[in-house]
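Here are my notes on the model you sent over. Have the structure open while you read them.

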Amino acid sequence: MYMIHQLRKLGLSIRAFEAGSDVGGTWYWNRYPGARCDVPSIEYSFSFDKELEQEWNWSEVMASQEEILVYANHIAERHDIRRDIAFNTRVIRMEFDDTRDSWLVETDHGESLYAHYCVMATGCLSMPNKPPIAGDKDFRGEVYHTGTWPKEGVDFVGKKVGIIGTGSSGVQAIPVIAESAEELVIFQRTPVYTLPAFNRPLSDKYRNEVKASYADIRKMQRESPVGISSFGTRAVAQVPVPQKIVDLTPEERQAELARTGFSGLRTYADVLSDLSANEIACDLYRDKIEEIIDNPETAEGLKPHGYPIGCKRQVFDSNYYAAFNRDNVTLVDLRKGGIERITATSVQTDQGQFDLDVLVYATGFDAMTGALKRIDIRGRGGQRLTDKWVDGPRAYLGIQMAGFPNLFTITGPGSPSVLSNMLVAIEQHVDWIRDCLEHLETEHIDTIEPTEDAENKWVDHVNEVGQGTMFTAPTCNSWYLGANIVGKPRIFMPYVGGIHRYRAKCEAVVANNYEGFRLE
Ligand code: N01
């Protein structure tokens, strides 16, 4: 939506295609119960509309999906965004035609058109992953995926519900579904390390303080590694611990655990940089689970083992563990034996057969590359994007790929994207692309694309800064690494160097006359 808004200012003619029936992206598709943001709302908002900043009143620290979708709809109306969008339309094929220096774009409605520039705003977590399970087509009950939740909602009352997956989506959905379902069975392959979200309503006093400080907040966001200002971090409870975990005695660690709960464990100075310190924090995490879960077998099943805190995307929860103390909730620990098959009425595992009316897949996404690879994209000489990326994504700055001129990716692989507040990352990319297109237009430059050399160096740099972090620990398997999709190359896809440094790099590239790009 912001790209459309900016492109209009350049006087370009625009066609946007959207698979959904309306705007909102992630917040349009992920309507599952409990869905909400895990970044403070005052930060997870556009900065380009200064009047809107003053007019909009976020109701909670972390807004619900419903509230963010209302916000997205409001932006669409306020800036008359929808008139350039063809809804219910998927782009299925794109081919670069070098006789015209344009892309031939084809949609699933049989429409085709030429575009001189293409901007892919296809999202990082937009291609749902529904893993094939033996017998899954036989199931006669209702089946849902958290990432494509029906608009009309789902009534769980009086039903036996199964849910597969305990990532961010599962952790948010489980406590809410447990409240209405007759029974909820949770099929868990890997237990999570979650932190309490500390969500709560926002006061008028706080909102007014924020509104008076938006200029500073936006500046702090741009200068911070993850695109979040100290106003946002102040809104969630901070329980920092002052020192390295390895310097404390076991008694001191237990005392800190009693004081801070789960929240303190990530804040030790060494936990996210030293694997042995991390393992101490993991032990404490497991101690805490034992304390708060009533049933010892369930507690054992919820304890994460074998991978460090900080390897996967941090999950924030509201009442997640409390759900496991309810009589109508059963945990099936798939580490003892996976799902064998799905029948017409049940899920069968080593630990028994579970009869179900509803099966919910909270099994995540083919992240970062999935939506782009789903389109048959062919660059210069007919080169397919899927061939170029066969060993993992390759892009310069996560914005452009060598061999694919005039094609831009917003928050593409190799950019901070999912390691940053997405709104900050999106605005930075949109602004960069708008400025770039303005430059091309005013200087009468036909095409821009990175050199292979610049692309290779950037990909090496992205890999290099990822090394030594918990994200790439040998025992870590996450969607950041593509490890959730069978056969996907194990590559750490986002740029972990921080959005502040990344922004400076993008600005330096422009200042050096688009260093690393070929302009023709
Ligand atoms: O997906 P996930 P998600 N059999 O990939 C399990 C963002 N987000 O939708 O860990 C059994 O994290 C899988 O198990 P394992 C956020 O960036 C944000 O929850 O692979 N289980 C895992 O437990 C997040 O990180 C919010 O062993 C199977 C789960 O399914 C990202 O989206 C809210 C399985 C998938 O977890 C993705 O989150 C929601 C199988 N065959 C999402 N296959 C906010 O709060 C997979 N699993 C803003």
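1. Ground rules. This is a predicted model, so to speak plainly, local features need pLDDT of at least 70 and side-chain atom pairs count only at pLDDT 80 or more, while totals for chains, interfaces and linings use all residues. Residues are numbered from 1 along each chain as its sequence is written, and side-chain values use heavy atoms, with hydrogens and water left out.

2. Domains. The protein splits into domain 1 (20–87 + 205–226) and domain 2 (89–126 + 379–519), with bounds that come from an automatic or database domain assignment. Their centres, taken over C-alpha atoms, are 24 Å apart. Domain 1 puts 16 residues into the contact and domain 2 puts in 14 residues, contact being heavy atoms within 4.5 Å.

3. Cores. A nonpolar core here is a set of buried Ala, Val, Leu, Ile, Met, Phe, Trp, Tyr and Cys residues joined through side-chain atoms within 4.5 Å. Buried is under 20% relative accessible area, exposed is over 50%, and partly exposed is in between (1.4 Å probe, protein chains only). The largest core has 119 residues, and Ile42, Phe156, Leu184 and Trp432 are among those with the most contacts inside it. Helix α15 (residues 422–442) gives the most to this core, 8 residues. Each of domain 1 and domain 2 supplies at least three residues to it. A second, separate core has 18 residues, including Trp103 and Leu407.

4. Helix α16. Helices (H or I, at least four residues) and strands (E, at least two) are DSSP runs, numbered from the N terminus. Which residues of α16 are buried? They are Ala454, Glu455, Trp458, Val459, Val462 and Gly466. Seen down the axis of α16, these fall within an arc of 130°, so they line one face of the helix; the arc is that of the directions from the helix axis to the C-beta atoms. The buried residues of α16 pack against α14 (385–388), β19 (448–450) and α17 (499–511). Lys457 and Glu464, on the other side of α16, are exposed. After the helix comes Gly468, with a positive phi near 85°.

5. Strands β8 and β9. In β8 (residues 160–164), 4 of the 5 residues are buried. β8 runs parallel to β9 (residues 183–188), with 5 bridges joining them; strands pair if DSSP finds at least two bridges between them. Ile164 has Phe187 of β9 as its bridge partner. Leu184 touches Val161 and Ile163, among others, not counting residues up to four places away in sequence.

6. Most residues other than glycine have a negative phi. Asn88, not a glycine, has a positive phi of about 50°, and Asn406, also not a glycine, has one of about 60°. Asn88 sits in the loop between β2 (85–86) and β3 (91–97) and is partly exposed at 46% relative accessible area. Asn406 lies in the loop between α14 and β18 (407–409) and is buried, at 0% relative accessibility.
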